[in-house]
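Hi everyone, thanks for coming. I'd like to walk you through one structure this morning, so let me put it up on the screen.

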2 protein chains.
Amino acid sequence: MRTVYCGQVNLEHVEQSVTLCGWVNKRRDLGGLIFVDLRDREGIVQVVFDPDNKDVFEVANSLRNEYCVQLTGQVRARPESQINKQMATGEVELIATELTILNASAPLALDSNQENSEEQRLKYRYLDLRRPVMSDRIKFRSKVTSAVRRFLDDNGFLDIETPILTAATPEGARDYLVPSRTHKGKFFALPQSPQLFKQLLMMSGFDRYYQIVKCFRDEDLRADRQPEFTQIDIETSFMTSAEVMAKTEEMIRDLFKQLLDVDLGQFPSMPYSEAMRRFGSDKPDLRNPLELVDVADLLKEVEFKVFSGPANDPEGRVAVIRVPGGASLSRKQIDEYGKYVGIYGAKGLAWMKINGAAAGDVQSPIAKFLNEDIIAQLIARTEAADGDILLFGADNETVVAEAMGALRLKLGEDFELVEDCWKPLWVVDFPMFEKHDGGLAAIHHPFTAPVGVTPEQLEADPANALSDAYDMVLNGVELGGGSVRIHDQAMQAAAFRVLGISDEEAREKFGFLLDALQFGAPPHAGLAFGLDRLIMLMTGATSIRDVMAFPKTTTAACPLTDAPSVANPAALAELGITTQVEAKEDDA
Amino acid sequence: MRTVYCGQVNLEHVEQSVTLCGWVNKRRDLGGLIFVDLRDREGIVQVVFDPDNKDVFEVANSLRNEYCVQLTGQVRARPESQINKQMATGEVELIATELTILNASAPLALDSNQENSEEQRLKYRYLDLRRPVMSDRIKFRSKVTSAVRRFLDDNGFLDIETPILTAATPEGARDYLVPSRTHKGKFFALPQSPQLFKQLLMMSGFDRYYQIVKCFRDEDLRADRQPEFTQIDIETSFMTSAEVMAKTEEMIRDLFKQLLDVDLGQFPSMPYSEAMRRFGSDKPDLRNPLELVDVADLLKEVEFKVFSGPANDPEGRVAVIRVPGGASLSRKQIDEYGKYVGIYGAKGLAWMKINGAAAGDVQSPIAKFLNEDIIAQLIARTEAADGDILLFGADNETVVAEAMGALRLKLGEDFELVEDCWKPLWVVDFPMFEKHDGGLAAIHHPFTAPVGVTPEQLEADPANALSDAYDMVLNGVELGGGSVRIHDQAMQAAAFRVLGISDEEAREKFGFLLDALQFGAPPHAGLAFGLDRLIMLMTGATSIRDVMAFPKTTTAACPLTDAPSVANPAALAELGITTQVEAKEDDA
């Protein structure tokens, strides 16, 4: 029905007749002529209707915005004065010779000239997706998945599908459940990831697996989360963590080069402990030059309990952020930052303005608690200069990391310190376990392998064990993470014991994985990338909802299809379930 | 950890040292040496352990089947006499210089020398998938999806993801339901296809969409069906049915050429009515030369009511299959075929053996009802020859088509008439509607466009309307089907009225689609292929379960993960649902 896309008409077509299909993006009547900007997925081209061509002109006269038409016209070069450098097709225009209206359009339900509410945008998503900024993101997403697949195909990875209707997986978030009709009273779970299946595929010998796959978590959606999201899921056999990291780093580097012409270079690697110490985060944004500087050793003896308490507590921490030029902050602004760190549990924010190089020239409500020598050492260690401010966090390690880590990001933005560039990073050497309810919990998942210990050593000193895990971070966003998995039964049993998982519970939950470890399970390792987050970062979108064609609202509903909705009572009877709440159709 | 795959060691590696990782496929001790066939996903290579290398030999001596090892060895060419032409690596072998056992293996839970029950195979699927016949299929599947994606990418199709948690779709099978926690009492449905979403994407202007996507149907699984299956889902704007067919035919032709080196040639096209008439099926297997021959016109006046009844009924049909050489069938064999057609509702199977060219030389229990002239005409029309048999079906059209269509397939197999080749076919010109419960039902779905009628004409004579739909059939298997969709509101309203769907019901079920049609919806058309079925056909597997990594049993359960299973009562409470049946863990 067409010979070329609107957005691809160019000087090569001049004096040719071309046929286009598309939508009326704009109509203008000028000097007796009708000008129509015709739009399709590749762009926009200008069409001119001349009243001399009476029949076609008459049809054109009925055109309104968003009418869908088929149009034939003669391409001509625009006169120099009318060339539009802003448009890809700005050097040409069409003189229409034929016009068929394929479909009329009512005035759009979404106003293109003003911000629409998210509810409206999602209800009329098919119109929202006509906006070039949105369609460009969806098109870009398709390019990304295509490039990722080609890379993985070319590197011997096999695309293998794993089930969506399955058993609960070990990720620990809330599962979506699906009632079974043939086994009444029982439920499938939608997978939070294909973790166990991909490990089983390694035990089958597939060696290199990948899948771009939907995963599901029934979580509260306060943050930028979606009930279903997409992972680039990867697993390999006989590769070390260094090899997995090198291969997936190459994939991401190729992707950025190919689609954004950005060279990410070699990714540096940083231990978790260093990331927490310097940046208060396990996904530091290295574009931000601010750092946390530890000063507890200087403050053990001071009178000020807020400092000396944590400084003398083995689980306490005192850290400083030096903000260049921060002495200009008003009392009120500092108070605002105090409130901000309060969100993360900090009880206050001590500060010290540097008014000169000498220790005596500081301005600070806490200066009276500190002697000149300590102040001098603080200034020396933080390399503070005239006009800077030091902001102090003192509490237990977790609160200091979270509060000062968040403050660092906020200060970076407020002081416009964040470079406009790409800063990738591997974070490695995570602890195996963290404290949780008086016991230990796995930081990754219970199948993550420790580094360099025997099962006995792991059990003897779990708190100090490091895992063979790695997270890829880009500009402060965790793009993906993975680990070497345990492939040895004795090690797996030790890990379960550390986690307080009884043999019986382990059998019940992961029996098939434990079984599988008996039969020559190979060493294996893998990684999963969050595709939505990756696309968001690459397109500069501010929400993952803007890079998904049909996302849900923050209450996990779809205003377009009205999902979820009231089910047919007969269907529920067949499933053998009843709802305790009577839902009304207009609730959603 | 390795330098080359086992299956890829060849003469080029001779005198090199290579490192392999894999599994002990077989161990033989012979003449003081140990021979190990080492297997990985690419194949098998022979490794020799010499007792002179004492340390390595000792480790080798502990090897059992399915041990996972890392091994370094010197590659050497086998002496002429020991070359194994059956093996890809049969010209070489390795002399082991280093050996590390990565993991031991218990004796396998699946016996490789005997048939295992499907239950056992699925419970130990990760072992079942080690069998080369199974792993080859899964690897082949990955090649197919990769080739399909490349074709579609290269043809400007965009890979766009649609939701899995959504509203009921219009396919009409039973939906899987997912209770919503944030909207208690309401349910998502898992999609039976992305039909409506892909149509909406056309309305957004994406022009060419594809997705290789999971679909879900909660059906009884008697036939070779699975609760979740995979579609190659395609939709286009501004393409006619002929264009969609040409493009997707090219895709399948390329796929067969590329992966099987099979040239499928141009696909012929056949109207639905012809397919039903000649083959009693809308997906005829053209490798089978048998055909149904209509003879009702010859039998209107005969005394035999079994024939004359249907022959005079406008909805009746009398059809004959001539089986070359079929006169050799015994009475008992014919009775068996009579029982077989009974499954499809036929009340009996009349027959006539041809013992000579003359009409008098027939042998048949019904010959007495037919005069010589009629017998002669039957013989002439069916081109029956000496030694053939004619088998008669007489009933209403549906029963004759189903029973004789099935009989045709069975006879084709029994008489070994089915050619070993590939016979693709497009079936087109389907009726829009079929009779159903006294009204009309859509043969495809209610969004399928009719051919060459106005909305008024469609409503005036729906029974004779043909749809702009097309099914791709290969060797009697429906590979895919699709249609041009209605993009005009008036036509859609007419189609709903024909189907007896009230405006209110249409609004409630498909309101968002009807809304979308108002805003310049483009002409659009699409198609979906069943990926599992396609792979089954291409690999020669006899069940779709054998081309899926982790299929379910025929009762929709997974013996590997024990899904579905009893849910945590707290989780059900959060969802606001209760089960009427108390399920026991060991029920599944």
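Let's start at a turn in chain B. In the hairpin formed by β1(B) and β2(B), two residues sit between the strands, and G31(B) adopts a positive phi near 55°. Before going further, please keep in mind that this is a predicted model.

Now, the strands on either side of that turn. β1(B) and β2(B), the latter covering residues 33–40, run antiparallel and are joined by seven bridges. If you want a landmark there, find K26(B), which stands opposite D37(B) in β2(B).

Which other strand of chain B does β1 (residues 17–30) pair with in the antiparallel sense? That would be β4(B), residues 68–77, and this pairing runs over seven bridges. Here the landmark is G22(B), with V69(B) of β4(B) opposite.

Let's move on to the cavities. A search of the whole structure turns up nine of them at 30 Å³ or more. The largest cavity has a volume of about 370 Å³. Its lining counts 22 residues, and the closest to the centre are I212(A) and V213(A) from one chain, with I212(B), V213(B) and K214(B) from the other.

Where does that lining come from?

Methods. Residues numbered from 1 in each chain as written. Chains lettered and ligands numbered in written order. Predicted model: local features only at pLDDT ≥ 70, side-chain atom pairs only at ≥ 80, totals over all residues. Heavy atoms only, no water. 1 Å grid on protein atoms, 1.4 Å probe; cavity = no way out; pocket = protein on both sides within 12 Å on 5 of 7 lines; lining within 4 Å. Points joined across faces, edges and corners; volume = space filled by probe spheres on them. Pairing = 2+ DSSP bridges. Helix = DSSP H or I, 4+ residues; strand = E, 2+ residues; numbered from the N terminus.
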